[in-house]
Structure formats: structure tokens, C-alpha cells
Number of protein chains: 2
Amino acid sequence: MQQTSLDFRRLCAEHGIAVTHQRQVLYEVMQGMEGHPSPEEVFAQVKEKVPAISLATVYKNIHLFVESGIFRKMSVHHGSVRVEMNSEEHHHMVCSRCKAISDIGEEELGLSPRRHRLPDGFLVERYAVDVIGLCAKCQQAAS
Amino acid sequence: MQQTSLDFRRLCAEHGIAVTHQRQVLYEVMQGMEGHPSPEEVFAQVKEKVPAISLATVYKNIHLFVESGIFRKMSVHHGSVRVEMNSEEHHHMVCSRCKAISDIGEEELGLSPRRHRLPDGFLVERYAVDVIGLCAKCQQAAS
DNA sequence: TTATCGAACGATAACTATTATCGTTTTTAT
DNA sequence: ATAAAAACGATAATAGTTATCGTTCGATAA
């Protein structure tokens, strides 16, 4: 049994999840991938090492990794398309518990820098900030 | 013909789109809705005023409004679930043309505020910043 | 105004992404 | 080694969205 396998067993123990072959390969493949691949892309990679794996297993374990805190979801937003009707310059406060989204004005947020040049020659058009945390209601519920 | 109708005709003229009854009611209903309703929620509201409207029309016109710049999509992210494998504290640069997403470290971004209390007693856990703009490749293509 | 033609509409089939179900297999705890 | 719990694979089901297509509406010009 190699080192990586021992590492993975320890990681699973820390997060209280069972160690399976599929889970380990999935984890290692994801760690080795650049950027932010889709579940389908991850599935394709993992399938090369575990040909019998099911797409459902990939989904189930991605969720498990996220719930366990091993990985994090990129976007906290709703699944369906949402549109801004508020034409004021604003950003969003997203409750990590109840998923409610409320608007917050640029000044209230206290956003400052607004650099127009960033690494790799990226040209800034605008910033979109999500403040993730707990809304008042969920703070009470949690106490 | 009331004032609102005239306003809507002007708006359509400015954006080069045709004036239809469905389109006008949809626009007015969306403007009057709080928060960030889903297409289904918008559909339900509009249906009260135009019972024969189709969900497809709601989708088509939401897209049209976004493409025309009348409204803006909340999230620029991919349709499928994406996960962070980069465990460093970072944010994202999203190209508005090719939709490519790349990571940017917290320091490189020069983010400052980190207030822990915001309006309505919202308790901050973390900030997630999307810098929207043009990547180097798309800047060249655009020139 | 009315005729014309392209755009938009409504109904619905199709598609994509995701989740649920369920019988079988693998882990874990004993 | 064994029994219970968890995970697996196959696939059906669901949610959200888009495409298709025949019909109707709206803008323009006579």
C-alpha cells in the first residue's frame, strides 16, 4: 500500500467517511485536474482508471466531498437562471444556511480597489462580489 | 395608451426589439418583483395577466432582455456543478466573451474590506469575488 | 387601411444535468 | 469470519431549459 493511499485513508478518517477504491481514484483525479471541470469531465477521466464506475457514483461522491468540507462548491447560487432587476450598482449577500440572497449596495459593502489590470493581462469590466455568511434569521436558529 | 406603455415602446426602440403584449407584461412583472425570482416564478406571475402565455415565451424573452442589456444575468458561471480543487484562498476572473474562468490569489486581487458585520445583521463568513472582464486572448480577438 | 412578410407566439417534443431507486457488492465493526 | 451498514452500478425519473414547427401578430409600405 503506497503513501497516497495512506494519506487518503487518513483524510477519510478525519471526515468520517468510508474508504472505497472509487472514492480514492475520484479524489486523486480531481486533485490532478486543472481549472473547474464538470462532473462529466471528471467522470471521463476517472473512467480511464476505473472503467466500471458509474456517473451516479461520481455525483454522489462529489457531493460527499463538498458536504464533508474536502472540496468546496464554486457557486452558491440557485440552480435556475436568475436575473438582476435592481439597476443600482450592487453585490449579493448569500446565506450559507437558507440560501437566501439579498442585495447590498456598493458603498455599504465597502469595496475599494477596482484595479483595471490583473495577472495575465486580464482587463477588468466589473467586480461581482458574493458575501457568504449567515443571515440574521439563521444566526438565531443556530444559537 | 398609458405612460408605461409608451415607456416600454421607447425602451424597445432603444434596444431594437419588437413590442409585443407578452413582452411588455413580462417586463413590467419582472420589474415589480422582489429579489431574484426563477423563470417559473416569473411565469406564474405573468400568467395571471396573460393566461395563455407559454413558459417558452418567458424563457425566450428573459434571454432577449439579457442579450439586449435590459437586464443582467446574476451568475456568469457554468450550468453544471463546479468544484474548487485549489485549496489556496482565491477568487475568479471570468472572461465575459469566452467564459473561461481562472483563479486569482487573494493578494493579487488586492481585496480589502473584510467587514464582519453588514446590513440586516448579516454575519460574514467569507467573500467570493468574480472579476468579470476580458482575458488576453479575447482582447486580441476584439481588436 | 390594408396587404405582406418576417418576427414572435404557444404547444410540446427533445435535451442536459442531476437525483432517486433498488438490487448487488464492498466496508466496517464486531 | 460475519453481520450490519454503506457504497456501488444500472437506470428510471425529474428539473430546467432549449428546439421545433405550425399559427398568429406587428411593423412597414402601398
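Two strands are taken to pair if DSSP finds at least two bridges between them, where strands (E, at least two residues) and helices (H or I, at least four) are DSSP runs numbered from the N terminus. The model is predicted: local features need pLDDT of at least 70, side-chain atom pairs count only at pLDDT 80 or more, and totals for chains, interfaces and linings use all residues. Residues are numbered from 1 along each chain as its sequence is written, and chains are lettered from A and ligands numbered from 1 in the order in which they are written.

On this basis, strand β2 of chain A (residues 83-84) pairs with β1(B) in the antiparallel sense over two bridges. Within this pairing, Lys73(B) of β1(B) is the bridge partner of Val83(A).

The interface between the chains was examined next. With contact defined as C-beta atoms, placed from the backbone, lying within 7 Å, 53 residues of chain A are in contact with 52 residues of chain B. Elements of chain B that each supply at least two residues to the side touching chain A include α2 (21-32), α4 (55-68), β4 (101-105) and α6 (136-142). The largest share of that side, 13 residues, is contributed by β6(B). Its composition by class is 28 nonpolar, 14 polar and ten charged residues; here Ala, Val, Leu, Ile, Met, Phe, Trp, Tyr, Cys and Pro count as nonpolar, Asp, Glu, Lys and Arg as charged, and the others, Gly among them, as polar.

DNA strand D is surrounded by 27 residues, the closest being Ser54(A), Thr57(A), Ser80(A), Val81(A) and Ala56(B); a residue is near the strand if its C-beta atom, placed from the backbone, lies within 6 Å of it. The largest share of this surface, five residues, comes from α4(A). By class, the surface near DNA strand D has 13 nonpolar, eleven polar and three charged residues.

Note on methods:
Contact = placed C-beta atoms within 7 Å.
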